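Here's a quick walk through the model below. Have a look at it first, then read on.

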Amino acid sequence: MASNARLDHRNPLVIDTHELGRRPGAMQRLTRDVDAPRDLGIEGVIGVPEGAPMELDLRLESVMEGVLVTGTARASAKGECVRCLEPVGLELEADFQEMFSYPDADDRGRVSAEPGDDAEDDEDKLYIEDGLIDLEPLLRDAVVLALPMQPVCQDDCAGLCSECGARLTDDPDHHHDAVDIRWAALQGLAGSLEDGEKDEMSGAEAGVDEKQEK
């Protein structure tokens, strides 16, 4: 059975469910303003900065097996455009719903659909500890699902020039004259011949000048 580490009731992401009193049908609504925990988002791509303000709207419902938590998290996320690497900011709204089970739920008569599924199911479960629930794991999953995997600064961002790195959206006419590789060698040879001819001409002119001086 998966279990949380000892929870601290002073943590704003830890919710006390004692008011529900394990009475099926009891409900509680909460609104909390909290600081975002670290690593909240997609690492290296986009996320909510650590310490940024977050608004949580929560509804806690008591059921036989535990407490059903439904809520919405709102915050500002920051990252960079995957095409041009410019900063990207967006207003995030992540919805979530999860069951937090009582540790003794099985002892109170819950029957598993498949006997062999218990161990795997328990690994994915969230549990109530001493009447407390930790929203952070739930919040992390919800935020990651709500964020774009490939954020862009604008839908039609043209990205960067592959040759010089210029931002193409700022200069739609930006281009480089392409040289056909089949002619590149001939152009190099032509350049060498021109340089040779210039050297010969310079030598010839120098010889004429010497004769005239004599």
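## Overall layout

How many helices and strands does the secondary structure of the protein come to? This is a predicted model, and in it the count is 3 helices and 9 strands. Going along the sequence, you get the pattern β-β-β-β-β-β-β-α-β-β-α-α.

Take contacts between residues at least 6 apart in sequence: 64% of them join residues at least 24 apart. Of the protein's 214 residues, 29% count as buried. The accessible surface is about 14300 Å², with 48% of that belonging to carbon and sulfur atoms.

## The core

The largest nonpolar core holds 35 residues, and Val48, Met54, Val69 and Leu135 have the most contacts inside it. Several elements each supply at least two residues of this core, among them strand E2 (27-35), strand E5 (53-62), strand E7 (87-101) and helix H2 (136-146). Strand E6 gives the most, with 5 residues.

Leu135 is worth a click. Setting aside neighbours within four places in sequence, Leu135 is in contact with Leu13, Ile15, Leu56, Leu58, Val69 and Phe100.

## Rings and charges

Searching the whole structure for aromatic pairs turns up 0. There is a charge over a ring, though: Arg22 lies over the face of Tyr102, at 3.7 Å from the ring centre.

Mean pLDDT for the protein is 81, and 71% of the residues reach 70 or more. Over residues 107-116, pLDDT stays under 50, and the model has 8 contacts beyond four places in sequence for that stretch.

Methods. Residues numbered from 1 in each chain as written. Predicted model: local features only at pLDDT ≥ 70, side-chain atom pairs only at ≥ 80, totals over all residues. Heavy atoms only, no water. Phe/Tyr/Trp six-rings, centres within 6.5 Å; stacked < 30°, edge-to-face > 60°. Lys NZ or Arg CZ within 6 Å of the ring centre and 35° of its normal. Helix = DSSP H or I, 4+ residues; strand = E, 2+ residues; numbered from the N terminus. Buried < 20%, exposed > 50% of the residue type's maximum accessible area, 1.4 Å probe, protein only. Contact = heavy atoms within 4.5 Å. Areas by Shrake-Rupley, 256 points an atom, 1.4 Å probe, with all protein chains shown as cover. pLDDT = per-residue confidence, 0-100. Core = buried A, V, L, I, M, F, W, Y, C linked by side-chain atoms within 4.5 Å.
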